[in-house]
Amino acid sequence: EGMDGIEAAQRIRSTLDIPVIYISAHVDQKLLDRARATHPAGFINKPFTTKDLLTTINLALHKQEEARQAEQLQ
């Protein structure tokens, strides 16, 4: 069996400091718990609009910038 999106996100986050946003049509509690453990920047349910996607990306990038600035102050 291949890697799913949550496992891919775990690998990405372990090596790169980039926000991860999940997009899924099928969400159950088990999936949500697995996704939450990877500390995603957002989660979008399908179907979604371009506005939903752009808003979530904008917020994720803003949160990342705030976190970087807070690290620099320490």
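Mentor: A search of the whole structure finds one aromatic pair. Before we go on, this is a predicted model, where local features need pLDDT of at least 70 and side-chain atom pairs count only at pLDDT 80 or more, while totals for chains, interfaces and linings use all residues. Residues are numbered from 1 along each chain as its sequence is written, and side-chain values use heavy atoms, with hydrogens and water left out.

Trainee: Why is the pair of Tyr 22 and Phe 43 called tilted?

Mentor: Rings of Phe, Tyr and Trp (its six-membered ring) pair if their centres lie within 6.5 Å; planes under 30 degrees apart are stacked, over 60 edge-to-face, and the rest tilted. Here the centres are 5.9 Å apart and the planes stand at 40°, so the pair is tilted. The pair also links distant parts of the chain, with Tyr 22 in strand β1 and Phe 43 in strand β2, 21 residues apart. Helices (H or I, at least four residues) and strands (E, at least two) are DSSP runs, numbered from the N terminus.

Trainee: How do you know whether Tyr 22 is buried or exposed?

Mentor: Buried means under 20% relative accessible area, exposed over 50%, and partly exposed in between (1.4 Å probe, protein chains only). Tyr 22 has 9%, so Tyr 22 is buried.

Trainee: What makes a nonpolar core, and which residues form the largest one?

Mentor: A core is a set of buried Ala, Val, Leu, Ile, Met, Phe, Trp, Tyr and Cys residues joined through side-chain atoms within 4.5 Å. The largest has five members: Ile 6, Ala 9, Val 20, Tyr 22 and Ala 35. In soluble globular proteins, nonpolar side chains tend to be buried together.

Trainee: What does Pro 40 touch?

Mentor: Contact means heavy atoms within 4.5 Å. Not counting residues up to four places away in sequence, Pro 40 touches Val 20, Tyr 22 and Ala 35. Pro 40 is found in the loop between α2 (29-36) and β2 (42-45), and at 24% relative accessible area it is partly exposed.

Trainee: And why is His 39 called exposed?

Mentor: His 39 has a relative accessible area of 60%, so the label is exposed. This residue is also in the loop between α2 and β2.

Trainee: What makes Asp 4 and Arg 34 a salt bridge?

Mentor: The term asks for a side-chain nitrogen of Lys or Arg within 4 Å of a carboxyl oxygen of Asp or Glu. The side chains of Asp 4 and Arg 34 meet at 2.9 Å, N to O. Asp 4 lies in the segment before α1 and Arg 34 in helix α2, so the pair ties together parts 30 residues apart in sequence.

Trainee: How many salt bridges does the structure hold?

Mentor: There are four. Among them is Arg 68 with Asp 17, at 3.4 Å, N to O. That pair links helix α3 to the loop between α1 and β1, 51 residues apart. Another one joins Asp 33 and Arg 36 at 3.2 Å, N to O. Being three residues apart in helix α2, Asp 33 and Arg 36 are separated by about one helical turn.
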